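User: I would like to learn how to read this model. Please take me through it feature by feature.
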Amino acid sequence: MVLQTCGVVLAGAADTVAVRRWDKRVNWKYDGWERLKPKNVKVQYAGGMGFLSFGAGWEYGRRNQWNSDFFVGFLPKRYSDKLHFTFTVKQTYTPWSIRVCDWLSYEPLTCGLYFTAINGEDFWQREPGKYPNRYYNFSSKVRTSIFLGQSLTFYPDRYEWLRGIGVFYEIGTNELYIVSKATNRTVSMRDILRFSFGVKMQIFKPH
Amino acid sequence: MNVALGKSGISWLAALSLLSAGCDMIEYHPYDLDINGKTDVNKENIAEIETVLDGRDGISFAVISDTQRWYDETEDAVASINARGDIDFVLHTGDLSDFGAKLEFELQRDILEKLTVPYVCLLGNHDCVATGKQVFNRVFGDDNFVFKAGNVQFVCVNTNALEFDYSEAVPDLSFLGGAIENSPDDVDKTVVAMHAGPYSEQFNNNIADVFEFYLRRLPGLQFCVYGHGHQLAADDFFDDGVIYYQCPCVKKRVYLHFTIDENGYEYEAVDF
């Protein structure tokens, strides 16, 4: 009964979405346990999340403006002392999608934040007990990053399970760099900003 | 629609051109070891110091310390030292980074590279956080090292014992023993440099007096210089006449200037 009521409310809400001729995003809702199924998978390069990160994303909002991801990435020995893995939770907001033609849309702005943890004994979330209280007073294990980006989404007709393929870039920084820049006029934006690139595949088209 | 496409095309091109302009704007992780720019700085600068000052009986050097996340002040210190023209080299007694992040070592190195004289950096405790020590070792050099400036030998020793959990000897007495045994014949004076001084919370205070026993066996020990405490201080910790000079953090806008000649040594704390 409760579920049914919710369904009615959601359907009612969906009806109130203003029609935008140029924004054709549709939130394909799942029912029941299928709501747990990710709606997209991603590969992201750099961005402080490792060399490459592989993620699953869940889209929500009337036009899929909101997306939450979970990534597992790796930092190979080539770029570090040994192989490290990273774990990222990421939230992205994409207010607009401009449908250029049947098979292409352009998202002029994406923005969001993510938290990245890295494995390895050199990194701690809380300072080890050997240190006097608040000795370093930060976590070397978890970084908080913010970003702005853009994307292009292609809509292939060919595969039912593949609703769209997006390519995106982001420019971002993390809290340690922000505090370094904020306290020093000689630290430039270029010193602290970092590019990242990725591919997103929107999957599981409903039958 | 065409406008939108045009804009997107321009943004993508802009992004790609910025990318090609410098790979330093691509970063896999703040704690990775993918270092941009110069590495092995100490080795190259020590070679220059040893060559230029070879045969000299008097030297003049500046000490800066604890420059972590004080980039503006470090720039000013470099400009102030460059303006003098009477300094042979600069000694940095550690804590170039605040968080141990690779970027911090790169930025600090790039500022110190503006010095018109060679510089040598020691490992600080903040430099050991996360992968910081490995970045330090690659960008600057070893934890423990000795170099010669004219007739004065500089023994630079890692004293950040709290960071090493007894997994390494800190301070390394066998290194100090080696420095005593292998002092070159043309050296008749020694200065010892470290990051954390005796009786600080970083130091292995159980062997503080053993450490001092070793230092006193170095030929012609003049004084010790260290950082970490962020305040100007001069102490005779062991009541044996060996003065330990604590260089303030660069935030205090002070550096130390030492001259050593046949009459002994002099020092001044210089505001900038």
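Analyst: Start with contacts: two residues are in contact if their C-beta atoms, placed from the backbone, lie within 7 Å. In chain A, 55% of the contacts with a separation of 6 or more are between residues 24 or more positions apart. This is a predicted model, in which local features need pLDDT of at least 70, side-chain atom pairs count only at pLDDT 80 or more, and totals for chains, interfaces and linings use all residues. Residues are numbered from 1 along each chain as its sequence is written, while chains are lettered from A and ligands numbered from 1 in the order in which they are written.

User: How many helices and strands does chain A have?
Analyst: Helices (H or I, at least four residues) and strands (E, at least two) are DSSP runs, numbered from the N terminus. Chain A has 3 helices and 9 strands, in the order α-β-β-β-β-β-β-β-β-α-α-β from the N terminus. Its C-alpha atoms fill a box of roughly 60 × 40 × 35 Å along the principal axes.

User: Is Tyr60(A) exposed, partly exposed or buried?
Analyst: A residue is buried if 20 or more other C-beta atoms lie within 10 Å of its own, exposed if 12 or fewer, and partly exposed in between; C-beta atoms are placed from the backbone. Tyr60(A), in strand 2 (residues 52-60) of chain A, has 13 such neighbours and therefore counts as partly exposed. Setting aside neighbours within four places in sequence, Tyr60(A) is in contact with Asn27(A) and Trp66(A). Of the 207 residues in chain A, 29% are buried.

User: Which residues of helix 4 of chain B are buried?
Analyst: They are Lys102(B), Leu103(B), Glu104(B), Phe105(B), Glu106(B), Leu107(B), Gln108(B), Arg109(B), Ile111(B) and Leu112(B). Because 10 of the 11 residues of helix 4 of chain B are buried, this helix is largely enclosed by the rest of the structure. Its buried residues pack against helix 2 (175-182) and helix 3 (189-192) of chain A, and against helix 2 (41-52), helix 3, strand 3 (119-121) and helix 5 (132-139) of chain B.

User: At what angle do helix 4 and helix 5 of chain B pack?
Analyst: Axes are lines fitted to C-alpha atoms, for helices over the stretch in contact, and angles run from 0 to 180 degrees between N-to-C directions. Helix 4 and helix 5 of chain B pack at about 30 degrees, with their axes 9 Å apart. That makes helix 4 of chain B roughly parallel to helix 5 of chain B; angles under 35 degrees count as roughly parallel, over 145 as roughly antiparallel, 65 to 115 as roughly perpendicular and the rest as oblique. Lys102(B), Phe105(B) and Arg109(B) of helix 4 meet Val135(B), Phe136(B) and Val139(B) of helix 5.

User: How many residues does each chain bring to the contact between them?
Analyst: Chain B brings 33 residues and chain A 39 residues. On the chain B side, helix 1 (2-21), helix 3 (71-84) and helix 4 (102-112) each supply at least two residues. The largest share of that side, 7 residues, comes from helix 1 of chain B.

User: What is the confidence for chain B, and what are the scores of the model?
Analyst: pLDDT is the predictor's confidence in each residue, from 0 to 100. The mean for chain B is 93, and 92% of its residues reach 70 or more. Over residues 1-5 of chain B the pLDDT is below 50. Where pLDDT is low, the predicted coordinates should not be read in detail. The model scores ipTM 0.90 and pTM 0.91.
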